[in-house]
Amino acid sequence: MPEDHAALEHLRKKIEAELSSRDDEHAKEAGLIVRQAAARGMLFSGNTVHSLGAEAVQDLRIRGHLLLKALTDTWASYRPEPSAALFAHQMVLSVLQDAADARDTEVRNSAPMRSLGSFPETVWEGFRAKYDNEVQRVDLRLREWVQLQERPPTEGGATQSTTVNLNGSNNVVVAGVMHSPTSVQLDGASTPRILDALASVRAAIESTRALPEQETTDTLELVADAEEQLKRPQPNKKKLFASLQGVAGAIQTVGALGDAYNNLKSAMALIGLPLP
């Protein structure tokens, strides 16, 4: 169907946009590792290679989070037929697998590694196992997501709830409950409450620096997007829904942001979007 094609095309473009900035961030982190090692006279050492491998794993972890977020945002906006979910699964998994292969090649061909000449094969097997683990983790989340998309709507027009687990950065699991945007109930009392909660989230993120740099930028953009919709005479509920879920998912398991999350959780419950 045309809607399905539009959703998949949007997902493809959204993935490209999300990962373009991620490529830059990863290059900066890898470059920093090399520069710091060189400054300490340890550029050509096994420790530096291991640090590059650890950064590669972290990069895949963040990419998994970004890919799943791009997927759920797209589905919340387009609402394509369930049959499109399998194609989306394949697209997302293929992108992450390509990234895993690229990270493996990158570490093997790095200047520190070339200078050393060789490494025990067990080291590369260990790196590869970690890369594959990140891909498999996302694959499992995608399989669960596809199954949930294929469930028939609940009877009587009740709101359908779907739980999706996203791998976040910093080796945590981010859980988000997704409800239909049609359940959002805005009024003169709830809108200011949501705006206050978003302001507290922004202040907490900026003061604690508990999120990685790129995730901080992404989450603050989602806060701004949600605020923009709330201030409109006729908010786009789908966009508001996606932004609020994105903010909640990003901060949910970050201890330093617990108060801000609870504040947002209470406010979102007022408009019909309960969080775990």
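**Aromatic pairs and helix contacts**

Mentor: Start with one aromatic cluster, which is formed by Trp124, Phe127 and Tyr131. Keep in mind that this is a predicted model.

Trainee: How many aromatic pairs does the structure hold?

Mentor: The structure holds 3 aromatic pairs. One of them is Trp75 with Trp145, an edge-to-face pair at 5.1 Å centre to centre with 75° between the planes.

Trainee: Where in the chain do Trp75 and Trp145 sit?

Mentor: Trp75 is in helix H2, residues 46-78, and Trp145 is in helix H5, residues 121-149. They are 70 residues apart, and the pair links distant parts of the chain.

Trainee: Is Trp75 buried or exposed? And Trp145, buried or exposed?

Mentor: Trp75 is buried, because its relative accessible area is 5%. Trp145 is buried too, with a relative accessible area of 4%.

Trainee: What about Trp124 and Phe127, why are they classed as edge-to-face?

Mentor: Their planes are at 65°, and the ring centres are 5.8 Å apart, so the pair is edge-to-face. The cut-off for that class is over 60 degrees.

Trainee: How many residues apart are Trp124 and Phe127 in helix H5?

Mentor: They are 3 residues apart, so about one helical turn separates them. Trp124 and Phe127 are both buried.

Trainee: Switching to helices. At what angle do H8 and H9 pack?

Mentor: Helix H8, residues 237-251, and helix H9, residues 258-270, pack at about 150°, with axes 10 Å apart. That makes H8 roughly antiparallel to H9. H8 passes H9 in a left-handed crossing.

Trainee: Which residues make that contact?

Mentor: H8 contributes Leu244, Gln245, Val247, Ala248 and Ile251, while H9 contributes Ala260, Tyr261, Leu264 and Met268. By class, the contact of H8 with H9 has 8 nonpolar residues, 1 polar and no charged ones.

Trainee: And H2 against H8, what is the crossing angle there?

Mentor: Roughly 155°, and the axes come within 9 Å. H2 and H8 are therefore roughly antiparallel to each other, as the cut-off is over 145 degrees.

Trainee: Is the crossing of H2 and H8 left-handed or right-handed?

Mentor: The crossing of H2 and H8 is right-handed.

Trainee: Which residues meet there?

Mentor: On the H2 side, Lys69, Asp73, Ala76 and Ser77 meet Lys238, Phe241, Ala242 and Gly246 of H8. By class, the contact of H2 with H8 has 3 nonpolar, 2 polar and 3 charged residues.

Conventions: Residues numbered from 1 in each chain as written. Predicted model: local features only at pLDDT ≥ 70, side-chain atom pairs only at ≥ 80, totals over all residues. Heavy atoms only, no water. Phe/Tyr/Trp six-rings, centres within 6.5 Å; stacked < 30°, edge-to-face > 60°. Helix = DSSP H or I, 4+ residues; strand = E, 2+ residues; numbered from the N terminus. Buried < 20%, exposed > 50% of the residue type's maximum accessible area, 1.4 Å probe, protein only. Axes fitted to C-alpha atoms, helices over the stretch in contact; angles between N-to-C directions. Parallel < 35°, antiparallel > 145°, perpendicular 65-115°, else oblique. Left-handed = near helix turned anticlockwise from the far one by under 90°. Contact = heavy atoms within 4.5 Å. Nonpolar A, V, L, I, M, F, W, Y, C, P; charged D, E, K, R; others polar.
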